[in-house]
Amino acid sequence: MSERKPTMELRQKAVEQLVRDINRAGEAILGEAQRRAPLDEGTLRGSAQLAMIVNGSRYEGSGALAAAIGAARAAVAGGRSVTVTAELSFNTVYAARQHEELDWNHPKGGEAKYLEKPMHEYAPRLGALIAAGQKGIMG
């Protein structure tokens with residue numbers, strides 16, 4: 001018996017769920033990173049940003065998720081493969097230095113490696129999160 005190919009609708013639902021799951025994981029990691037970022041006046045924590053990248057095109061801001069879903073669905077409709085990435089960043093001139101300086105004191109709270117640590121902590125759960133979303137689509 002031959003294996004049935006998923007319908008276009010099913011493939012588009014699956015890629016949409018994938019984009020949503022990667023976005024959700026990015027939001028969770030970024031939220032934890034914001035809580036851990038060094039605090040002085042709140043500028044660093046407030047500069048946190050999540051961008052979605054689909055097949056090399058970057059989407060950010062309030063419409064990023066919808067635009068990323070649209071791009072992924074269009075790629076599937078065109079018979080192309082889809083690569084989805086969540087890009088997490090802190091956008092101040094001192095963000096990288098604050099992240100890397102292990103010996104700096106943060107009297108108002110926060111820590112070095114504020115983005116790296118949550119990424120490592122969440123990594124083991126990301127595959128299961130995405131698999132659960134896809135299982136919900138595939139049945």
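Trainee: Which side chain makes a polar contact with the side chain of Arg 36?

Mentor: Good place to start, and keep in mind that this is a predicted model. Arg 36 is found in helix 1, which spans residues 8–36. At 2.7 Å, its side chain makes a polar contact with the side chain of Glu 121.

Trainee: Is Arg 36 buried or exposed?

Mentor: Let's take the surroundings before the number. Beyond its neighbours within four places in sequence, Arg 36 is in contact with residues including Arg 45, Gly 110, Tyr 114 and Pro 118. Its relative accessibility is 16%, and the cut-off for burial is under 20%. Arg 36 therefore counts as buried.

Trainee: Moving on to the sheet, which strands stand at the edges?

Mentor: The sheet is open, with 3 strands in the order 2-1-3 and antiparallel pairing. Two of the strands have a single partner strand each, so one side of each is left without a neighbour in the sheet. Those are strand 2 (57–60) and strand 3 (84–90).

Trainee: And what is the bridge partner of Ala 48 in strand 3?

Mentor: Strand 1 covers residues 48–54 and pairs with strand 3 in the antiparallel sense, over 7 bridges. In strand 3, the partner of Ala 48 is Phe 90.

Trainee: Last one: at about what angle does helix 3 run to strand 2?

Mentor: Happy to compare notes on both helices. Helix 1 lies across strand 1 and strand 3, and runs at about 20° to strand 3. Helix 3 (residues 64–77) lies across strand 1 and strand 2, and its angle to strand 2 is about 150°.

How values were computed:
Residues numbered from 1 in each chain as written. Predicted model: local features only at pLDDT ≥ 70, side-chain atom pairs only at ≥ 80, totals over all residues. Heavy atoms only, no water. Helix = DSSP H or I, 4+ residues; strand = E, 2+ residues; numbered from the N terminus. Buried < 20%, exposed > 50% of the residue type's maximum accessible area, 1.4 Å probe, protein only. Polar contact = N/O pair within 3.5 Å; in protein donor to acceptor, adjacent residues only side chain to side chain. Contact = heavy atoms within 4.5 Å. Pairing = 2+ DSSP bridges. Axes fitted to C-alpha atoms, helices over the stretch in contact; angles between N-to-C directions.
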